[in-house]
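Please read them with the structure open.

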Amino acid sequence: MHIAEGFLPPAHAVAWGAASAPFVVHGVRSLTREVREHPESTLLLGASGAFTFVLSALKLPSVTGSCSHPTGTGLGAILFRPPIMAVLGTITLLFQALLLAHGGLTTLGANVFSMAIVGPWAGYAVYKLLRRYDVPLMVAVFFGAFFADLSTYCVTSVQLALAFPDPGSGFVGALGKFGTIFAVTQIPLAVSEGLLTVLVMRLLVQSSKGELTRLGVLVTGGRKEKKTAAESEAVA
């Protein structure tokens with residue numbers, strides 16, 4: 001990721017665009033509702049989008065027709081949930097295709113599906129699972145960002161293997177080759193992104209504690225006590 005302009009066969013490009021469209025439309029509705037109901041979140045939304053833009057613009061050459069880089073989508077997914085991140089990620093990818101020649105318009109659907117849809121959902125699922133079992137916030141944030149990054153490249157490997165199966169071993173052989181080459185650069189990048197996301201989250205905890213509490217990232221003692229009291233009343 002990003003898959004370069006014109007690299008995918010037309011049928012694949014159209015199919016990935018069609019698969020991504022419903023998620024982006026749903027995300028636009030979620031984003032509109034968030035801004036309308038909580039206009040104070042605009043600054044944090046912008047920061048999440050900027051974080052994704054900057055990190056995903058740092059590219060290293062990788063598999064032919066693609067590149068390796070951090071994604072930055074884990075932070076926005078944890079803060080605002082994956083549907084909104086689908087929109088922020090799509091905007092990021094569109095601007096990078098137009099202004100930086102990073103990715104492309106014909107491959108936008110495929111890149112959106114891997115980086116702005118699957119990545120945020122995978123990272124958010126891991127984050128929520130760990131938090132459900134009372135894993136410390138920063139540990140959950142690290143693994144959320146780590147898997148958001150890594151899952152993006154797993155999907156990109158699948159996309160490239162579907163488009164360019166190995167002449168001898170077909171899809172499975174191509175997937176093994178793409179995945180192996182990606183892993184050399186992507187695993188260290190995923191670890192680095194996880195650590196950087198933890199650092200940013202620590203800064204947000206200090207500067208935007210009220211907003212993080214509203215978003216459910218932080219849970220205050222008062223809210224815990226209130227929940228405990230409500231549960232006691234329900235039992236009684």
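This is a predicted model: local features need pLDDT of at least 70, side-chain atom pairs count only at pLDDT 80 or more; totals for chains, interfaces and linings use all residues.

The points below go through helices, cores and a few single residues.

1. Helix α7. This helix runs over residues 170–207, 38 residues in all. At 1.5 Å a residue it should span 56 Å, and its end C-alpha atoms are 52 Å apart, which agrees. The helix is kinked, though: there is a bend of about 50 degrees, centred on Ala183. Look there when you fit an axis.

2. Annotated spans. Residues 139–161 are 100% helix and 0% strand, with end C-alpha atoms 33 Å apart. Residues 181–205 are also 100% helix and 0% strand, and their end C-alpha atoms lie 37 Å apart.

3. Thr197. Thr197 sits in α7. Its relative accessible area is 0%, so it counts as buried, the limit being under 20%. Leaving aside neighbours within four places in sequence, Thr197 contacts Phe51, Leu75, Val141 and Ala145.

4. Largest nonpolar core. This core has 29 residues. Leu79, Tyr127, Met201, Leu212 and Val217 touch the most other members. Helices α2 (42–56), α3 (73–80), α4 (82–99), α5 (108–132), α6 (137–163) and α7 each supply at least two of its residues. Take Met201 as an example. Not counting residues up to four places away in sequence, Met201 touches Leu75, Ile78, Leu79, Met138, Val141, Leu212 and Val217.

5. Second core. A separate core holds 21 residues. Among them are Phe113, Met115, Tyr153 and Leu160.

6. Helix α4. Is α4 enclosed or open to the outside? Of its 18 residues, 13 are buried, so α4 is largely enclosed by the rest of the structure. From first C-alpha to last it reaches 25 Å, close to the 26 Å expected at 1.5 Å a residue. Just after α4, Ala101 takes a positive phi of about 55 degrees.

7. The segment before α1. Helix α1 covers residues 10–37, and Ile3 is placed in the segment before it. Ile3 is buried, with a relative accessible area of 0%. With a relative accessible area of 27%, Phe7 is partly exposed. Phe7 and Gly104 are 97 residues apart in sequence, yet 9.0 Å apart in space, C-alpha to C-alpha.

8. Positive phi in loops. Arg81, in the loop between α3 and α4, has a positive phi of about 80 degrees although it is not a glycine. Its relative accessibility is 36%, so Arg81 counts as partly exposed. Asp134 lies in the loop between α5 and α6. Its phi is near 60 degrees, again positive in a residue other than glycine. Asp134 counts as exposed, at 69% relative accessibility.

Methods: Residues are numbered from 1 along each chain as its sequence is written. Side-chain values use heavy atoms; hydrogens and water are left out. Helices (H or I, at least four residues) and strands (E, at least two) are DSSP runs, numbered from the N terminus. The expected span of a helix is 1.5 Å times one less than its number of residues. The bend at a residue is the angle between axes fitted to the seven residues ending there and the seven starting there. Buried means under 20% relative accessible area, exposed over 50%, partly exposed in between (1.4 Å probe, protein chains only). Contact means heavy atoms within 4.5 Å. A nonpolar core is a set of buried Ala, Val, Leu, Ile, Met, Phe, Trp, Tyr and Cys residues joined through side-chain atoms within 4.5 Å.
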